[in-house]
Amino acid sequence: MSILEVRSIEKHFGATEVLKDISFTLEEGQALAIIGSSGSGKTTLLRCLNFLETPNGGSISVRGKTLFDAADPATQREAEVRKKRLHFGLVFQSFNLFPQYTALKNVTLASELLAQERPDFKANRKKILSAIEEEGKGLLDQMGLADRAGHYPHQLSGGQQQRVAIARALALRPDILCFDEPTSALDPELTGEVLKVIRSLAERHTTMVIVTHEMAFARDVADQVIFMDSGVIVEQGTPAQVIENPREERTRQFLSRYSGTE
């Protein structure tokens with residue numbers, strides 16, 4: 001069974017159709033790269049998956065459970081949105097770290113807030129928070145930032161901040177980790193360190209949806225590639241099919257502009 005099923009998703013902003021009949025599936029442990037020009041709908045699609053935007057049509061299911069169905073109002077209750085977002089970890093283009101908190105606190109904060117809703121929190125507060133802190137330290141160590149746990153965002157490079165953001169997304173153990181152009185805000189010399197982390201996640205078979213303009217990275221890391229243009233999926237398949245041997249002229253034209261991108 002697919003871990004993620006997206007069926008006929010549509011999104012309109014007024015009279016503008018941003019997403020049109022978007023459908024795809026993703027298997028557990030796979031990485032999906034979504035490529036396309038600016039304005040093609042890639043970021044809007046990620047925001048719909050994370051319920052930062054509400055689709056106007058279609059459905060989204062995770063592990064066989066329908067999280068959203070445009071035809072079923074019961075799946076659209078605002079009170080359920082936060083729970084649904086826990087299925088998706090989202091790493092933004094800009095790092096979106098809290099400047100008043102250390103790297104470690106940025107990673108652990110959401111887990112701490114959720115833990116306070118546990119019925120046993122008051123009785124086991126110290127033990128629970130200690131476990132969350134240790135897990136946060138472990139995630140920073142995984143990102144190569146064990147020695148930066150006590151640093152604030154302004155004391156970190158852009159690449160380090162983005163790695164903290166990745167650790168923060170992983171802290172809630174999402175089913176699917178989503179990246180929205182994770183290197184677009186970085187200088188070229190810092191891009192490699194973030195891509196290296198994502199490569200390592202792929203090697204660990206972390207289920208991921210990655211919006212990226214790094215074509216060589218998508219070719220090497222992704223199990224599937226989707227090319228979007230003007231709100232539709234023009235072509236989808238393996239990297240060999242879409243990037244190396246595209247069938248559609250629109251795909252070929254797009255790739256010709258990004259040939260050699262790393």
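Visitor: How many residues has the largest nonpolar core, and which have the most contacts inside it?

Guide: The largest nonpolar core has 34 residues, and those with the most contacts inside it are L140, I166, F179 and M208; such a core is a set of buried Ala, Val, Leu, Ile, Met, Phe, Trp, Tyr and Cys residues joined through side-chain atoms within 4.5 Å, buried being under 20% relative accessible area with a 1.4 Å probe, protein chains only. This is a predicted model, in which local features need pLDDT of at least 70 and side-chain atom pairs count only at pLDDT 80 or more, while totals for chains, interfaces and linings use all residues. Residues are numbered from 1 along each chain as its sequence is written, and side-chain values use heavy atoms, with hydrogens and water left out.

Visitor: And what does M208 touch?

Guide: Not counting residues up to four places away in sequence, M208 touches L26, Q30, A31, L32, L177, F179, I198, L201 and A202, a contact being heavy atoms within 4.5 Å.

Visitor: Switching to Q160: buried or exposed?

Guide: Q160 is buried, with a relative accessible area of 14%, and its place is in α5, residues 158–171, where helices are DSSP runs (H or I, at least four residues) numbered from the N terminus.

Visitor: Which residues is Q160 in contact with?

Guide: Leaving aside neighbours within four places in sequence, they are L145, R148 and E193.

Visitor: Which residues of α5 and α6 meet?

Guide: G158, G159, Q160, Q162, R163, I166 and L170 in α5 meet L190, E193, V194, V197, I198 and L201 in α6.

Methods. Helix = DSSP H or I, 4+ residues; strand = E, 2+ residues; numbered from the N terminus. Buried < 20%, exposed > 50% of the residue type's maximum accessible area, 1.4 Å probe, protein only.
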